[in-house]
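Hello,

Here is the structure I promised to pass on. Have a look at it first, and then read my notes below.

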Amino acid sequence: MQLDLSSPTVLDLDTVTFRRGDKEILHDVSFTVRRGEHWVMLGPNGAGKSTILGFCGAVVHPTTGTVDVLGHRLGRVELQALRRHIGHVNPRHPLRSARTVTEVVLTGLTGTIELPLRWQPSQADRARAAELLDLLGLARLADDRWTTLSQGERGRTLIARALASDPALLLLDEPTTGLDVAAREQLLETVDLLAETHPQLTSMLVTHHLEELPVTTTHALLLRDGRTVAAGRATEVLTSDIVTRTFGHPIEVEHRDGRWNARTIRPRRRHRVGIAG
């Protein structure tokens, strides 16, 4: 099934609620993502980030409200066809076998964890994988085994895998989980590079930490207890006041040289003034 992907609106959630059993997880969430924008989704544990990411990946349907992904409404479109145009980077990738880096990238074309038994990549497929590995600085690791990679190398390999099918939407689910500072910075540089090499690509990144936002972040969605605290341009909604309300803790937000930083606002200590007798 060939889908029309010409819509300038990549994601559109309109008054969405989601219930699991008797519990309402999301309450009237609305926001719109347009082509070429790079969003971050922030909020404490239990805020509803994973559920919304499920909508974005066309794997979860809303209880009420509407969700449009790449211009197609969930419930009225063939999900498998839609998912072919969505790349997903999950650092908890469940691969257990000793596949090579090239083979892991090729699974992005099949949409599977392992390579299908009867599937053989074409010469063009292998060239595509080699091109992506070179782009992301992984060419030297092309024949290395997945089980021998560092966590940072795995993260960049998964980005290459997600790009293999030339997606219109890229989802990054806490991509810096488990990385040290150097590996985190390398991965964020990789994400920033995509704004140059794939200018039409739209992205949604999920994280708990402002320090993990790429320089290319354009917009932010902040959630608390299944409700939208704020959604809009990152420079307008990632403020000390809004982030404090989102996490329920006094936080001072700083934006400098394109990167974000957050720290606790500590009350000033009162100094006692001694009186000489």
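Which residues in H5 meet which residues in H6? On the H5 side they are Gly-152, Gly-155, Arg-156, Ile-159 and Leu-163. Facing them in H6 are Ala-183, Gln-186, Leu-187, Thr-190, Val-191 and Leu-194. By class, this contact has six nonpolar, four polar and one charged residues. Please keep in mind throughout that this is a predicted model.

How the helices pack

Let me stay with that pair for a moment. The axes of H5 and H6 lie 9 Å apart, and the packing angle is about 20°. Angles under 35 degrees count as roughly parallel, so H5 and H6 are roughly parallel to each other. H5 passes H6 in a right-handed crossing.

H5 also packs against helix H3. Here H3 (residues 101–110) and H5 (residues 151–163) have axes that come within 6 Å and cross at roughly 40°. That angle makes H3 oblique to H5. This crossing is right-handed. H3 brings Val-101, Val-104, Val-105, Thr-107 and Gly-108 to the contact, while H5 brings Thr-157, Ala-160 and Arg-161. Sorted by class, the residues of this contact are four nonpolar, three polar and one charged.

H3 has a further partner in helix H4 (residues 123–135), with axes that come within 9 Å and cross at roughly 115°. That makes H3 roughly perpendicular to H4. The crossing of H3 and H4 is right-handed. From H3, the contact takes in Val-101, Thr-102, Val-105, Leu-106 and Leu-109. From H4 it takes in Asp-125, Arg-126, Ala-129, Leu-132 and Leu-133. Seven of these residues are nonpolar, one is polar and two are charged.

If you colour H3 by partner, you will find Val-101 and Val-105 listed in its contact with H5 and again in its contact with H4.

The largest pocket

Next, the open space. The largest pocket holds about 740 Å³. Its lining is made of 28 residues, and those nearest its centre are Arg-83, Ile-86, His-88, Gly-111 and Arg-161. Two or more lining residues come from each of helix H1 (49–56), helix H2 (79–83), strand E6 (86–89), H3, H5 and strand E7 (169–173). Which element gives the largest share of this lining? That is H3, with four residues. In terms of class, the pocket lining has nine nonpolar, 14 polar and five charged residues.

The cavity

How many cavities of 30 Å³ or more does a search of the whole structure find? The search finds one. At least two lining residues are supplied by each of strand E3 (38–42), E7, helix H6 (181–197) and strand E8 (202–207). E3 gives the most, with three residues. The cavity lining has nine nonpolar and four polar residues, and no charged ones.

Strand E7 gives residues to the lining of the pocket and to the lining of the cavity.

Happy to talk any of this through once you have had a look.

Best wishes

Definitions and conventions
Residues numbered from 1 in each chain as written. Predicted model: local features only at pLDDT ≥ 70, side-chain atom pairs only at ≥ 80, totals over all residues. Heavy atoms only, no water. Axes fitted to C-alpha atoms, helices over the stretch in contact; angles between N-to-C directions. Parallel < 35°, antiparallel > 145°, perpendicular 65-115°, else oblique. Left-handed = near helix turned anticlockwise from the far one by under 90°. Contact = heavy atoms within 4.5 Å. Nonpolar A, V, L, I, M, F, W, Y, C, P; charged D, E, K, R; others polar. 1 Å grid on protein atoms, 1.4 Å probe; cavity = no way out; pocket = protein on both sides within 12 Å on 5 of 7 lines; lining within 4 Å. Points joined across faces, edges and corners; volume = space filled by probe spheres on them.
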